[in-house]
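Please look over the sequence and the structure before reading on.

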Amino acid sequence: MSSRLLSRAPQDTPGTWKSYVGLAAILLISAFPVYWMFVIATSSDEAVMSSPPALIPGDQLMVNLREVFTMQDVFFTASLINSLIVALAVTASTLFFCSLAGFAFAKLRFKGNNVLMFIVILTLTVPNQLGVVALFIVMNELGWNGTLLAVIAPGLVTAFGVFYMRQFIGHAIPDELVEAARIDGALTLRIYWTVVVPAIRPALAVLGLLTFVATWNDFQWPLITLNGTDFPTSMVALSDLASGNYVVYRRVLAGAFVATVPLVILLLLGGRQLVRGIMEGAIK
Amino acid sequence: MALTDVRVAHTEEPKHAPPKRPKFWLHRFDTKTFPYLMIAPFFVLFAIFGLFPLIFNAVVSLRHWHLIDKEKNGWVGFDNFTKLAGDSDFWDALVNTFGIFILSTVPQLLIALMIANLLNRKLRGATFWRIGILLPYVTPVAASSLVFAVFFSRDNGLANWFLSLVGFGQEQPLDWRAGTWSSWVAIAVMVNWKWIGYNALLYLSAMQAIPKDVYEAAAVDGAGPWRQLWKITVPMIQPVVLFTVVLSTIGGLQLFTEPMLFDENPAQANGGYDHQWRTISQLIYRVGWSDLNLGYAAAMSWALFLIILVVAGINALVTRRLGGGK
């Protein structure tokens, strides 16, 4: 009996009550900081400074939010709009350019296809963050520092996206389908639009989610290029909110909460796709 | 079948007017040149915003490059690197970076492995659990770091309250930011919280790809679940372990947001009053955009790049050796 039990692969072994207790604990730890962010965001100074600190939400959310949105030199409202513009622009462009390039690499015959694809994969290993000093100088020459362009332009197309799309298109679309469309006289761009795009919607959803999350959350480069301007992204505005000689926790975390809400909504709507994308070998 | 029907239909139309067939030059352009246009955006953008900055970084590091005080700007050879070698700020930051890196990477990957093992069962609501552990991954690092910054405050911080609950209440509340180790631990907690779920999913996906008969064969030896995990599962998912080790080395050694926002006044990029938790990325930011000395910051970037290359290489080798020994 016991050897029969053991001969099962783990994924066929039903979870015991211990597995569920463990998972519930992990979920609690995963959710607690976000929950507590909300607690402080809704609390008064007295509740934040009491001992033990507040653990259940208060009724000061509106008061705290008003302070966040009206604070001078933080530009919180504008920062949310800016983050939305940047994340949407980068996501849309990444989806378009990556799927176009992925289609070319997966289905079209041209000289140097394999070599060029190898170069794309090679660029995956280059840590971009290390070039920030020179990137800053490049943006200075272009006159883009301090504008949203400086944040949008470097993210317009990614090596990971090209690679991911090539893999997906390679599996999802039979060569015959492309050939048939060509015999019917369709040009490549038309095949892309009428054959490829409808077939890769799931992959577009996954890549779109990953890109949006990464772009919205990006901190270091936006801080470098946008800090001190009137056009921060919400992450830069958050660091402004937390800077200064006298920091008000409930205000900082009210801002942090507002900047987190869109992503929690995204997780609720697209969690399934996000899980699949990461399990298919996504990189950050 | 349908395809041949269409072709037959075409041949029956007048010969000198093939339907919808593009003109010769257009067809040629479409099949010969257009594919290059489709992949061009990636290469052009990568060249401008990825490759060029990396190479140009080397040029900058060999120059005195000050943003405001431009009079002394010019070639200085390896002066920036000589200065770096004797700069205690740099070496202190390197020690901090490594300390935080180890505290945040080792538990991260081990716990992720445990969680993946927990998820690698026949579970009710499997998707629900998987989505749940991704909450830290989608939460902005800036936001979660600020939460933890409050969590680890000395007076009335939740961390100290939890400590007192489990019997570690002290006369003096623990000042997490004051000590070297305590500040490293606090920052490591932030990194661990953020990345454990993500890595668990990577491990889980590799675990589910292991052929089931591997386990059936091992059951003859009477391998229990624990032995099963370490003797079969872990060696079988070694490529993914290697991948996560390299990935977290690259990410961990460039740690920036967490130490930045742990500071009581982030704009200063101090990393504590005695710089006890200032990482290299933070120092680069400070030198480059506070002191405005871009040449020196570029030299530091190159040094960090080489360090990452070496450490990632060593870690990859060690991981492979450990896995191969089984």
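## Record annotations

UniProt positions are given here in the numbering of this structure, feature names are shortened, and an annotation may be inferred rather than shown by experiment. The model itself is predicted. For chain A, an unreviewed UniProt entry lists "domain: ABC transmembrane type-1" at residues 80–270.

For residues 144–164 of chain A, the figures are 52% helix and 0% strand, and the end C-alpha atoms lie 30 Å apart.

## Domains of chain A

Eight residues from domain 1 of chain A and seven residues from domain 2 of chain A form the contact.

Which elements of chain A give two or more residues to the side of domain 1 that touches domain 2? They are α2 (17–41) and α3 (45–49) of chain A. The most comes from α2(A), which gives five residues to that side of domain 1. By class, the side of domain 1 of chain A that touches domain 2 has six nonpolar, one polar and one charged residues.

## Contact between the chains

Between the chains, 85 residues of chain B are in contact with 88 residues of chain A. On the side of chain B that touches chain A, the largest share is that of α2(B), with 18 residues. This side of chain B divides by class into 58 nonpolar, 18 polar and nine charged residues.

## Helix α5(A) against α2(B)

Two packed helices are described by the angle between their axes and the distance between the axes. The axes of helix α5 (residues 76–107) of chain A and helix α2 (residues 24–61) of chain B come within 8 Å and cross at roughly 135 degrees. At that angle, α5(A) is therefore oblique to α2(B). The crossing of α5(A) and α2(B) is left-handed.

From α5(A), the residues in this contact are F97(A), L100(A), A101(A), F103(A), A104(A) and F105(A). They meet P35(B), M38(B), I39(B), P41(B) and F42(B) of α2(B). By class, the contact of α5(A) with α2(B) has eleven nonpolar residues, no polar residues and no charged residues.

## Helix α15(A) against α7(B)

Helix α15 (residues 249–279) of chain A and helix α7 (residues 141–151) of chain B have axes that come within 9 Å and cross at roughly 150 degrees. Angles over 145 degrees count as roughly antiparallel, so α15(A) is roughly antiparallel to α7(B). The crossing of α15(A) and α7(B) is left-handed.

Y249(A), V252(A), L253(A), A256(A), A259(A) and T260(A) make the α15(A) part of the contact. The α7(B) part is made by A143(B), L146(B), V147(B) and V150(B). The residues in the contact of α15(A) with α7(B) are nine nonpolar, one polar and no charged.

Note on methods
Residues are numbered from 1 along each chain as its sequence is written. Chains are lettered from A and ligands numbered from 1 in the order in which they are written. This is a predicted model: local features need pLDDT of at least 70, side-chain atom pairs count only at pLDDT 80 or more; totals for chains, interfaces and linings use all residues. Helices (H or I, at least four residues) and strands (E, at least two) are DSSP runs, numbered from the N terminus. Axes are lines fitted to C-alpha atoms, for helices over the stretch in contact, and angles run from 0 to 180 degrees between N-to-C directions. Angles under 35 degrees count as roughly parallel, over 145 as roughly antiparallel, 65 to 115 as roughly perpendicular and the rest as oblique. A crossing is left-handed if the near helix is turned anticlockwise from the far one by less than a right angle, and right-handed if clockwise. Two residues are in contact if their C-beta atoms, placed from the backbone, lie within 7 Å. Ala, Val, Leu, Ile, Met, Phe, Trp, Tyr, Cys and Pro count as nonpolar, Asp, Glu, Lys and Arg as charged, and the others, Gly among them, as polar.
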